[in-house]
Amino acid sequence: MPDYFQKACISTELAHRLLAAAEQKAQEIGKSFTIAIVDESGVLKSFSRMDGAPVVGIQIAQDKAYTAAGFQFPTDVWNKIIKDDPALAAAAQTGIDRLVIFGGGYPIKVDDQVIGGVGVSGGHYTEDMEVAKAALSILE
């Protein structure tokens, strides 16, 4: 068995294309968002804080992308996971660094393999989800 393994990672070019698609959707909505694209390990690959986007969104968008890439499912799924588990809910809300449990973060998948994550902050989480999904739509 080899002492290493290979894994897929989002390219800089694809990260920029996802970011552009998300910004276009944000303009259609008429709000300023912060958009973060991370690689499969949750490390920032591409980023935009649109003019007028709230400062707090800088960290939230990155954490949504990190959570989605790391757990390999959308951030809004966390509410379903923790709703009937008080111990896990308490841990998710106070004890897991960078975990976001509301919508706006999605894993980026190619051929069913996670190559990164996208996180969006700046509107209601449903709007954040719209902007993030617009980024992912270029993969279809």
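**Ile96**

I began with Ile96, which counts as partly exposed at 33% relative accessibility; buried means under 20% relative accessible area, exposed over 50%, and partly exposed in between, with a 1.4 Å probe and protein chains only. The model is predicted, so I took local features only at pLDDT of at least 70 and side-chain atom pairs only at pLDDT 80 or more, while totals for chains, interfaces and linings use all residues. Residues are numbered from 1 along each chain as its sequence is written, and side-chain values use heavy atoms, with hydrogens and water left out.

I placed Ile96 in the loop between helix H4 (86-94) and strand S3 (105-110). Helices (H or I, at least four residues) and strands (E, at least two) are DSSP runs, numbered from the N terminus. From Ile96 I looked across to Lys109, 13 residues apart along the chain, and found 24 Å between the two C-alpha atoms.

**Positive phi**

I then looked up residues with positive phi. Arg98 is in the loop between H4 and S3. Its phi is positive, about 75°, although Arg98 is not a glycine. I noted Arg98 as partly exposed, with a relative accessible area of 27%.

Asp112 sits in the loop between S3 and S4. Asp112 is not a glycine either, yet has a positive phi of about 65°. With a relative accessible area of 73%, Asp112 is exposed.

I also noted Gln72, which follows H2 and has a positive phi near 65°.

**Helix H2**

I checked the length of H2: it has 15 residues and reaches 21 Å from its first C-alpha to its last, close to the 21 Å expected at 1.5 Å a residue. The expected span of a helix is 1.5 Å times one less than its number of residues. Buried residues in H2 include Gly57, Ala61, Gln62, Asp63 and Lys64. Ala65, Thr67, Ala68 and Ala69 are also buried in H2. I listed the packing partners of the buried H2 residues as S1, strand S2 (44-49), helix H3 (77-82), S3, S4 and H5; contact means heavy atoms within 4.5 Å.

**Helix H5**

The 12 residues of H5 (residues 125-136) should span 16 Å at 1.5 Å a residue, and the end C-alpha atoms are 16 Å apart, which agrees. I found Glu127, Asp128, Met129, Val131, Ala132, Ala134, Ala135 and Leu136 buried in H5. The buried residues of H5 pack against helix H1 (12-29), strand S1 (34-39), helix H2 (57-71), S3 and strand S4 (113-121).

**Whole chain**

I counted five helices and four strands in the protein chain. Along the sequence the pattern reads α-β-β-α-α-α-β-β-α. The radius of gyration is 15 Å, close to the 14 Å that the globule rule gives for 140 residues, so the protein chain is as compact as a globular protein of that length. The radius is taken over C-alpha atoms, and the rule is 2.2 Å times the number of residues to the power 0.38. I boxed the C-alpha atoms along the principal axes and got roughly 45 × 40 × 25 Å.

Of the 140 residues, 44% count as buried. Among contacts between residues at least 6 apart in sequence, 64% join residues at least 24 apart.
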